[in-house]
Amino acid sequence: MTDQPMINFSVIHHDARGSIFQVLLPGNRELMLLFCKAGYLRGGHSHDCDEMVVLLSGKFRYHKWVDGVDQVTDMVEGDVSYNPAGVPHMGEFLEDTWLMDWKLGGVSADGFVTTEFEPFRKLVRERMAGS
């Protein structure tokens, strides 16, 4: 029997919208699994690293702020979205949804910066207040 690499799995956030799970892989690399209930918003920020989002089940509307415009894409099970570093993004969950968020380039869990994007964060807060 060979030694298996250590993988840590934990809930890092839970609220009325659902849960965010952190999977720490060897080298402190982070993979996030998110469950969000229909009708809610998440995100409203950017990162200083590229990331990939994979929709595992459900349906959601992905908002990305590019060159001063809210670019909107409806995503369904199996769809993948690439987010370049610095692009603000927000998910609008149309159905109960599971998705995976992966920071690219071997970025460690403590090695990237998240910056709030107020136009999207305001919408997230307003939706939470209305629930």
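Which residues does Leu-123 touch, not counting residues up to four places away in sequence? The answer is Leu-41 and Met-90, where a contact means heavy atoms within 4.5 Å. We're looking at a predicted model, in which local features need pLDDT of at least 70, side-chain atom pairs count only at pLDDT 80 or more, and totals for chains, interfaces and linings use all residues. Residues are numbered from 1 along each chain as its sequence is written, and side-chain values use heavy atoms, with hydrogens and water left out.

**The overall build**

- The protein chain has eleven strands and one helix; these are DSSP runs numbered from the N terminus, with helices being H or I of at least four residues and strands being E of at least two.
- Starting at the N terminus, the order is β-β-β-β-β-β-β-β-β-β-β-α.
- The C-alpha trace spans about 50 × 30 × 25 Å along its principal axes.
- The radius of gyration is 15 Å, which agrees with the value near 14 Å that a compact globule of 131 residues would have. That radius is taken over C-alpha atoms, and the globule rule is 2.2 Å times the number of residues to the power 0.38.
- Among contacts with a separation of 6 or more, 66% join residues 24 or more positions apart.

**Surface and burial**

- Of the 131 residues, 42% count as buried. Buried means under 20% relative accessible area, exposed means over 50%, and partly exposed is in between, using a 1.4 Å probe and protein chains only.
- The accessible surface comes to about 7200 Å², and 56% of that belongs to carbon and sulfur atoms. Areas come from the Shrake-Rupley method with a 1.4 Å probe, and for residues only the protein chains shown count as cover.

**The largest pocket**

- About 510 Å³ of space lies in the largest pocket. On a 1 Å grid over the protein atoms alone, a pocket is an open set of points where a 1.4 Å probe fits, with protein on both sides within 12 Å along at least five of seven lines. Grid points are joined across faces, edges and corners, and the volume is the space filled by probe spheres set on the points.
- The lining holds 25 residues, and Ile-20, Leu-34, Arg-42, Gly-43 and His-45 lie nearest the centre. A lining residue has an atom within 4 Å of a point.
- Elements giving two or more residues to this lining include β1 (8–15), β3 (29–36) and β4 (41–47).
- The lining divides into eleven nonpolar, seven polar and seven charged residues. Here Ala, Val, Leu, Ile, Met, Phe, Trp, Tyr, Cys and Pro count as nonpolar, Asp, Glu, Lys and Arg as charged, and the others, Gly among them, as polar.

**Residues on the helix and in the loops**

- Leu-123 sits in helix α1 (residues 118–129) and is partly exposed, at 37% relative accessible area.
- Leu-123 and Phe-35 are 88 residues apart in sequence, and their C-alpha atoms are 19 Å apart in space.
- Val-113 belongs to the loop between β10 and β11, and with a relative accessible area of 48% Val-113 is partly exposed.
- Leaving out residues up to four places away in sequence, Val-113 touches Ser-46, His-47 and Asp-48.
- Asp-67 is in the loop between β6 and β7 (69–76) and counts as exposed, at 77% relative accessibility.
- The phi of Asp-67 is near 50 degrees, a positive value in a residue other than glycine. Most residues other than glycine have a negative phi.

**Buried residues on the strands**

- Ser-81 is part of strand β8 (residues 80–83) and is buried, with a relative accessible area of 8%.
- Ser-81 touches Glu-51, Met-52, Val-53, Tyr-62, Lys-64 and Met-75, again not counting residues up to four places away in sequence.
- Ser-81 and Val-54 are 27 residues apart along the chain, with 6.6 Å between their C-alpha atoms.
- Leu-24, in strand β2 (residues 18–25), is buried at 18% relative accessible area.
- The C-alpha atoms of Leu-24 and Leu-55 are separated by 20 Å, and these residues are 31 apart along the chain.
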